[in-house]
Amino acid sequence: MTAMHELTLTGMRDGLRDGSFTARELTTHLLARIEAAQSSLNAFITMTADAALAAADAADARIRDGSARPLEGLPIAHKDIFCTDGVRTTCGSRMLEDFVPPYDATAVALLADAGAIVLGKTNMDEFAMGSSNETSFFGDVHNPWREGLSPGGSSGGSAAAVSARLVGAATGTDTGGSIRQPAALCGITGLKPTYGRISRFGMIAFASSLDQAGTLTRTAEDAALLLGAMSGLDPRDSTSVDAPVDDYVAALDASLEGLRIGVVQEFMGEGLDADYAVAVRAALAEFEARGATLVDVSLGNIGLSVPTYYVVAPAECSSNLSRFDGIRFGHRADNPADLEDLYRRSRGEGFGAEVKRRIMTGTYVLSAGYYEAYYLQAQKVRRLISADFARAFEEVDLVVGPTTPTPAFGLGEKTDDPITMYLNDIYTIGANLAGLPAMSVPCGFVNGLPAGLQLVAPAFGEGRMLAAAHQYQQTTDWHQQAPEGWS
Amino acid sequence: MSIGSDDIEKLAVLARLSFEGDELGDITDKLASIVAFVDQLGEADTASVTPMAHPLDQVQRLRADAPDADIDRARLQACSDATEDGLYLVPRVIE
């Protein structure tokens, strides 16, 4: 019999329903795995074992009496950026080391209402600012595929936890690639939906025009299951979109026959690891063999996506993070000389180096004399990038390419040079700037480390994109590979 | 353009941040390299382009201007280190 932790989320659901095991057995088993993995992976900041076991017993009762909800008893973890009522929410920062929110994020509440059980809160780059999980106040997360390598970031704890089979699935957020990049580096499936698809209420804000919640799962099928539960209009988030929520699981059966796939030429050339390119091309050949048509597409302005992002995101972050003033919540400096000193030292002590860099960058690009040259110009280039995607989608149903330029890199390897770290998101940032749904699926290995294929769809095209990923996963087994020692 | 320590101090005041010891040299160097990196945006021809305010070109949805007391004030204030009689305490600002 397959061990419980080896099952996908969908497999766990089936096992609970057919009585192969109980929610308490599943929860107990995974809590023990999380605890045992903590010293090597550091994937969690907070565990919620008691609440999880109580929820598991309630789930078992519902399964017994026939009132099970769609996600009843399924064990998940939340990235520690989502506010959880009564459970510490740190956002990976000293600033929020002791912060206990008085409410749930909408995404958290929706998953709880659907029956999911939360085993804990996962480690992350501080305020989601990072691509390696090294900016966390709570220490580096290690990649389950090889000790000493980064799991990617900022949702690095969520990616490592799913990859190491500690939970069935985890939530994440993606502002410039923070779900897709760690999913690729950890060999799992990461989904960033359309901007506004999932409410941002209670999700601690980094860059509000880019932030989007999503999922880290083993399969596209699991992502479809969670997305349906998390999506929808939320009156408490004025940017959440009033668009119908499709039945994403039902949509998975759509065939690849006739699907037109645009291969982004700018993503397949210089800068991409040669062996990674081989893995991506093999994946494309698989789509073609299954009846899809490959078309070369060009995104002419995509080369400016990283500098555009590193103006827009810091500008929005410098404004959003002004709420951390040391007074109403968060770290408060001792013995302030005056109010100004309280603000400056609370923030100076509470924020780490990368967060301070981004606040300073944002303050710079928004300040008098520089606003037009940087912020306004970036918003104009953002429109050019978005228009490139729109043109491509006149010809094709999806655009694809690699998720990252290389497989997982070493912890400490890129921390001295922020630009080198920023360029790690070169293929993922475009979808955020244009607000488009995108995902990463495992597509092979480079020197024993996972590589990811990125798919991008038109706005609200999650169903078609998930179906393409699901169909690919029916005839490939990259997504079923477990890191050694974690199967 | 180059960024010097005067610029950093001005930005730090605007951003209400403090930098201690080695942090000051580090932020000066790294901010300069970030600004040099984003300078390439100037190369794009955007003369006839309207800045993008929303990724899906949607307008902000508004709600009725009515109170929504869904969060308990006492629980909200419990997040703060210093409150008294329902008020937040700060250092004296008026002598």
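**A predicted two-chain model**

In chain A, the mean positions of the 37 positive and 59 negative charges are 4 Å apart. Lys and Arg count as positive and Asp and Glu as negative, while His and the chain ends are not counted; the place of a charge is NZ of Lys, CZ of Arg, CG of Asp or CD of Glu. The model is predicted: local features need pLDDT of at least 70, side-chain atom pairs count only at pLDDT 80 or more, and totals for chains, interfaces and linings use all residues. Residues are numbered from 1 along each chain as its sequence is written, chains are lettered from A and ligands numbered from 1 in the order in which they are written, and side-chain values use heavy atoms, with hydrogens and water left out.

Chain A holds 15 helices and 11 strands. Helices (H or I, at least four residues) and strands (E, at least two) are DSSP runs, numbered from the N terminus. The C-alpha trace of chain A spans about 65 × 55 × 45 Å along its principal axes.

Of the 487 residues in chain A, 66% count as buried. Buried means under 20% relative accessible area, exposed over 50%, and partly exposed in between (1.4 Å probe, protein chains only). Chain A exposes about 15000 Å², of which carbon and sulfur atoms supply 49%. Accessible areas come from the Shrake-Rupley method with a 1.4 Å probe, and for residues only the protein chains shown count as cover. Among contacts in chain A with a separation of 6 or more, 76% are between residues 24 or more positions apart; contact means heavy atoms within 4.5 Å.

Helix H4 of chain A (residues 106–113) can be taken as a local example. Its buried residues are Thr106(A), Ala107(A), Val108(A) and Leu111(A). What covers them includes strand S2 (75–79), strand S4 (169–173) and helix H7 (220–230) of chain A. An α-helix has 3.6 residues a turn, so residues three or four places apart point the same way. After H4(A) comes Gly115(A), with a positive phi near 105°.

The loop between S2 and H4 of chain A contains Cys91(A). Its phi is near 55°, a positive value in a residue other than glycine. Cys91(A) is buried, with a relative accessible area of 0%. Asn447(A) also has a positive phi near 55° and is not glycine. Asn447(A) sits in the loop between strand S10 (438–446) and strand S11 (449–456) of chain A, and counts as exposed at 63% relative accessibility.

Another backbone feature is the cis peptide bond that joins Gly153(A) and Ser154(A), with omega about 10°. Ser154(A) is found in the loop between strand S3 (117–122) and helix H5 (156–163) of chain A.

Val365(A) is buried, at 1% relative accessibility. Not counting residues up to four places away in sequence, Val365(A) touches Val311(A), Ala315(A), Tyr370(A), Tyr371(A), Tyr374(A) and Tyr375(A). The C-alpha atoms of Val365(A) and Leu376(A), 11 residues apart along the chain, are separated by 9.2 Å.

Chain B has 3 helices and 2 strands, in the order α-α-α-β-β from the N terminus on. Its radius of gyration is 22 Å, well over the 12 Å that the globule rule gives for 95 residues, so chain B is more spread out than a compact globule. The C-alpha trace of chain B spans about 55 × 45 × 25 Å along its principal axes. Buried residues make up 31% of the 95 residues. Chain B exposes about 6600 Å², with 51% supplied by carbon and sulfur atoms. The mean positions of its 8 positive and 20 negative charges are 9 Å apart.

The mean pLDDT of chain B is 90, and 98% of its residues reach 70 or more; pLDDT is the predictor's confidence in each residue, from 0 to 100.

Helix H3 of chain B contains Gln77(B), which is buried, with a relative accessible area of 12%. Leaving out residues up to four places away in sequence, Gln77(B) touches Thr83(B), Gly86(B), Leu87(B) and Tyr88(B). Glu95(B), in the segment after S2 of chain B, counts as exposed at 86% relative accessibility. The C-alpha atoms of Glu95(B) and Ala53(B), 42 residues apart along the chain, are separated by 43 Å.

Key: Rg over C-alpha atoms; globule rule 2.2 N^0.38 Å.
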